Amino acid sequence: MGQATRVIALDKLRMTDVDSVGGKNASLGEMISQLGQAGIRVPGGFATTAEAFREFLQYEGLADRIAARLKSLDTEDTKELARAGKEIRKWLIDAPLPPALAKEIGDAYEDLAKASPDVTFAVRSSATAEDLPDASFAGQQETFLNISGLDNILQAVKEGFA
């Protein structure tokens with residue numbers, strides 16, 4: 001098995017990458033490519049991959065903990081579904097990122113921030129089945145605006161994962 005691909009610069013992404021980085025990120029990569037060829041400058045960024053998310057879920061047994069919580073869940077009980085969802089989201093937000101993922105996010109962040117130390121970022125979640133011809137998840141994803149500093153970026157990534 002090769003090295004995990006956890007973080008990819010947006011300018012390297014195309015619509016063929018939807019399964020790895022989601023619809024928003026793939027669309028941004030395509031836009032950066034097309035507009036850049038036309039001489040229009042578009043701010044850069046990076047995406048974490050579905051592989052990075054799976055690694056996060058496996059780290060410290062989070063996936064097993066979630067599976068155990070869902071195993072006996074009565075899916076007809078909407079109040080219990082809401083409670084389980086809230087509990088699992090909190091686990092995701094509170095869980096540490098795997099060190100290799102945190103480092104790759106930090107490296108990508110530092111590359112972007114070095115030109116302008118006061119720069120702020122948007123952190124957006126993106127589903128890998130999002131914006132497909134036969135599926136739409138409009139309004140179901142998260143966006144965090146004006147995020148500054150690596151610690152805040154890392155926290156926003158976890159909230160996006162949640």
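This is a predicted model: local features need pLDDT of at least 70, side-chain atom pairs count only at pLDDT 80 or more; totals for chains, interfaces and linings use all residues.
Local features need pLDDT of at least 70 and side-chain atom pairs count only at pLDDT 80 or more, while totals for chains, interfaces and linings use all residues. Residues are numbered from 1 along each chain as its sequence is written, and side-chain values use heavy atoms, without hydrogens and water.

Helix 3 spans residues 62–71 (helices are DSSP runs of H or I, at least four residues, and strands of E, at least two, numbered from the N terminus). Leu62, Ala63, Ile66 and Arg69 are buried (under 20% relative accessible area with a 1.4 Å probe, protein chains only; exposed is over 50%). The face turned away carries exposed Asp64, Ala68 and Lys71. The cover over the buried residues includes helix 2 (50–58) and helix 4 (78–94).

The axes of helix 3 and helix 4 come within 11 Å and cross at roughly 170° (lines fitted to C-alpha atoms over the stretch in contact, angles from 0 to 180 degrees between N-to-C directions). Helix 3 is therefore roughly antiparallel to helix 4 (over 145 degrees).

The largest nonpolar core has 27 residues (buried Ala, Val, Leu, Ile, Met, Phe, Trp, Tyr and Cys joined through side-chain atoms within 4.5 Å). Leu62, Ile105 and Ile153 touch the most other members. Another core lies apart, with eight residues, among them Ile8, Leu13, Ala26 and Ala47.

Notes: Contact means heavy atoms within 4.5 Å. Angles under 35 degrees count as roughly parallel, over 145 as roughly antiparallel, 65 to 115 as roughly perpendicular and the rest as oblique.
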